Structure formats: C-alpha cells, structure tokens
Amino acid sequence: MTAPRPRKHYDNAPVVEALIDIQVEDSAIMREEVEALADSLSAVFPTRLPLHQVQMGFEVAADREPEFLNEQMIVGYRLDRPGRVLQLKTNGFSYSHLPPYSDWLTFSSEAMGYWKAYQSALAPRWANRVAVRMINRLPLPSGDIRLAKCLNFYPTLPDSLPSDARSLFMQLQLPMPQVDPDALTILGLYSAPPAPGPNAIMLDIDFIVQRKISIDEVFGILERLGDCKDEIFEACITDEIRKLIQ
C-alpha cells in the first residue's frame, strides 16, 4: 500500500466546498434500493431530502393536439449533517465537505467509506465520470492591491481600459494527460459573493475524468486527482495569499 502523500496544511484553509463526485451507468439500480441505503445511514445523517429529476417533452398522436409532458421522479436522496452533504442517486454518488475544512485525507477517507457502502448496496457495474472539485474563497490583502501580487492566474487589461472592474469571471479548460489520458481541469476565477471579513476572490478547481471506468479504479483515480489539485492550487497563488491562510 502506498504511503499517504505529504500535503501542505493551512490553518485557515480557504475551502468553502470540497466535492468528490462519481457518476455511474447502471439502469438496474432502483430508487427503492437507494432509499434503503439512505435509511441505513439515518443515524449519521439526520436530515434527508429527495432529489428529483424532471423530464419534459411532447406526446404526439394523429387524433389529437400534441400534449406537453412534465414529469418529476425521485432519483435519490440528499443526506445532511453539520459540515457534510452526501447525495445518493440511481446514477451516482457525491460527497461534500463544507467549512471548516479539515484536510484531504480525512475527507477522502470518509468519502471512500460511503462509496464502499454504495457499492455494497447497489453494485454499480462501472463509472462514467469521476471528479474532484475544490472551491476556495481566497482572502486578499487590505488596501490598494493588484491581482498580480496575489495570484499567478488572473486576467490582464490593456492600459487604455479602466482597471477598476466591478466583477470578474475567467475560466480555462486544461487537459492534464500527465495525470490521466482523459483528465481535464476546469480552472475558474471569479468575484466572491459579499460576506463579512476581508475582500476575497474565488478560485474554483474542478478536476474531471470522463470515460468508462472500472469500479475498482475509481478511488485510485480520485487520489491522483486529489494530489494534482494541490499542485494546481499552489501554482495559482503567491506568498501574499499564503501568509493570509497559514
């Protein structure tokens, strides 16, 4: 067994949501089976809400006007406890870590335990998408600052345009074949929602592998994505940010 990779720890980690998502392709999984699994976790997750899927379309018959169809069906359940959200669906599984963020080893170990319960109860045949997403609210230094001092990933403006932009959204999609032949990182930088505290900016790292994946491969891929999202985060920030989150 490979030893856990050493990771840089920040006492004031800026993560507002960490997410592990696994989508499966198995039409044999029934909603009642997912409900039974949710029931078995009720002691850990006291709050449960149904997840609906909406299907819309038209039914056309020769003897009448086309009829608009709008059908809702339950495809799974959202389970909540303080700081965690688990979604169990007929077509997948996701686990979220909300603030205060602990660390990747704690989070991924918890997710693996619930994923094994999902596997045992529902026996999915394969996955078709796995992803790790880290949404960070990065504090910015007070005073008149320039993003170039804080980040290595930021937009630039021509000198002829005003520099006091009121909002920001920037996105890059980067293939990462060194991690996996089908790995893609969606890197987002955007304005932070208003909140008490220092000025901030959002750094969103979404790491995806989408293809037919053996169930036994799923967490090995997720661990590789977990390693690489740390490298991306460190590459995007400067010591100005590090000083604020240590």
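Predicted model: local features only at pLDDT ≥ 70, side-chain atom pairs only at ≥ 80, totals over all residues.
**Entry 1, the whole protein.** I began with the secondary structure, and I count five helices and ten strands in the protein. Along the principal axes, the C-alpha atoms fill a box of roughly 65 × 55 × 40 Å. I then looked up burial, and of the 246 residues in the protein, 40% are buried. The exposed surface comes to about 14000 Å², with 53% of it supplied by carbon and sulfur atoms. For the contacts between residues at least 6 apart in sequence, I noted that 68% join residues at least 24 apart.

**Entry 2, strand E1 and its partners.** Next I asked which strands pair with E1, residues 15–24. One partner is strand E6, residues 126–139, which pairs with E1 in the antiparallel sense over nine bridges, and in this pairing Val-15 stands opposite Asn-136. Strand E5, residues 92–97, also runs antiparallel to E1, and six bridges join the two; here I found Tyr-95 of E5 as the bridge partner of Ile-20.

I looked up Ile-215 in the loop between strand E10 (213–214) and helix H4. Is Ile-215 buried or exposed? Its relative accessible area is 11%, and because the cut-off for buried is under 20%, Ile-215 counts as buried. Leaving out residues up to four places away in sequence, I find that Ile-215 touches Trp-115, Gln-119, Pro-124, Arg-125, Trp-126 and Ala-127. I also checked Ile-215 against Ser-167, and the two are 48 residues apart in sequence and 42 Å apart in space, C-alpha to C-alpha.

Thr-238 has its place in the loop between helix H4 (218–236) and helix H5 (239–245). I record it as buried, because its relative accessibility is 13%. Which residues does Thr-238 touch, not counting those up to four places away in sequence? They are Lys-149, Cys-150, Leu-151 and Asn-152.

Definitions and conventions: Residues numbered from 1 in each chain as written. Heavy atoms only, no water. Pairing = 2+ DSSP bridges. Helix = DSSP H or I, 4+ residues; strand = E, 2+ residues; numbered from the N terminus. Buried < 20%, exposed > 50% of the residue type's maximum accessible area, 1.4 Å probe, protein only. Contact = heavy atoms within 4.5 Å. Areas by Shrake-Rupley, 256 points an atom, 1.4 Å probe, with all protein chains shown as cover.
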